[in-house]
Amino acid sequence: MIHSIWNSIYINYDKSNIMYMTLIVLFITEIPIFLFTLLDILKIDSLQKYRIRYNSERVYPTNDELLHVFKESYKSFFKIYIPLFISSCILFNNIDWYPYKITKQLPDSIYIIIELFLICVLGDILFNLLHRLFHIPYLYKKFHKKHHEYKYTFALVHHYLHDFEALIF
């Protein structure tokens, strides 16, 4: 099934169009945030015991907090992430360079598994290093403090960043 879908895409679209299609992945990565936010909105008492707790006082975010963080987070998402993604696609298409192979033949499963593993591990290492860097007092005070504004974190806080920090991450 995957091979037939890929063949259809490869035959009907050129490399530049396929590059833009990867924008879908950016939206797919938001699905867990939406699902966990839905749980925060519904505030289901029976699920309270499964929430990450730093102490027994942990409470659900208020609807006002959720709305505020949602507006701020997705302002960054649509103001920074999407334009950066599209600009990168335009640049890569103009210089005829692609960050991944686009060939008619899909790679072997083992290649995909290894590449996904490396992307996950290296992505986590890079994220952790950058996050630690932003805890340097000057960077924390100037950029990163917004991200830690809420005592008890919730899913939407993932994108609740200063614009400069969102650009770096």
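At what angle do the axes of helix 4 (residues 31–42) and helix 5 (residues 63–94) cross? In this predicted model, the two axes come within 10 Å and cross at roughly 160 degrees. Because angles over 145 degrees count as roughly antiparallel, helix 4 is roughly antiparallel to helix 5. The crossing of the two helices is left-handed. On the side of helix 4, the contact is made by Ile33, Phe34, Thr37, Asp40 and Ile41. Helix 5 contributes Asn63, Leu66, Phe70 and Tyr74. By class, the residues of this contact comprise six nonpolar, two polar and one charged.

Aromatic residues were examined next. The structure holds 14 aromatic pairs. One of them joins Phe70 and Tyr74, whose ring centres are 5.1 Å apart. The planes of these two rings stand at 40 degrees, so the pair is tilted. Both residues lie in helix 5, where a separation of four residues places Phe70 and Tyr74 about one turn of the helix apart. Phe70 has a relative accessible area of 34% and is therefore partly exposed. Tyr74, at 8% relative accessibility, counts as buried, because the limit for a buried residue is under 20%. Phe70 and Tyr74 also belong to one aromatic cluster, formed together with Phe27, Phe34, Phe77, Phe78 and Tyr81.

Tyr150 is buried, its relative accessible area being 15%. Tyr160 is likewise buried, with a value of 2%.

Val69 lies in helix 5 and is buried, with a relative accessible area of 0%. Leaving aside residues up to four places away in sequence, Val69 touches Tyr150, Phe154, Leu156, Val157 and Tyr160. The C-alpha atoms of Val69 and Leu161 are 9.7 Å apart in space, while the two residues are 92 residues apart in sequence.

How values were computed. Residues are numbered from 1 along each chain as its sequence is written. This is a predicted model: local features need pLDDT of at least 70, side-chain atom pairs count only at pLDDT 80 or more; totals for chains, interfaces and linings use all residues. Side-chain values use heavy atoms; hydrogens and water are left out. Axes are lines fitted to C-alpha atoms, for helices over the stretch in contact, and angles run from 0 to 180 degrees between N-to-C directions. Angles under 35 degrees count as roughly parallel, over 145 as roughly antiparallel, 65 to 115 as roughly perpendicular and the rest as oblique. A crossing is left-handed if the near helix is turned anticlockwise from the far one by less than a right angle, and right-handed if clockwise. Contact means heavy atoms within 4.5 Å. Ala, Val, Leu, Ile, Met, Phe, Trp, Tyr, Cys and Pro count as nonpolar, Asp, Glu, Lys and Arg as charged, and the others, Gly among them, as polar. Rings of Phe, Tyr and Trp (its six-membered ring) pair if their centres lie within 6.5 Å; planes under 30 degrees apart count as stacked, over 60 as edge-to-face and the rest as tilted. Buried means under 20% relative accessible area, exposed over 50%, partly exposed in between (1.4 Å probe, protein chains only).
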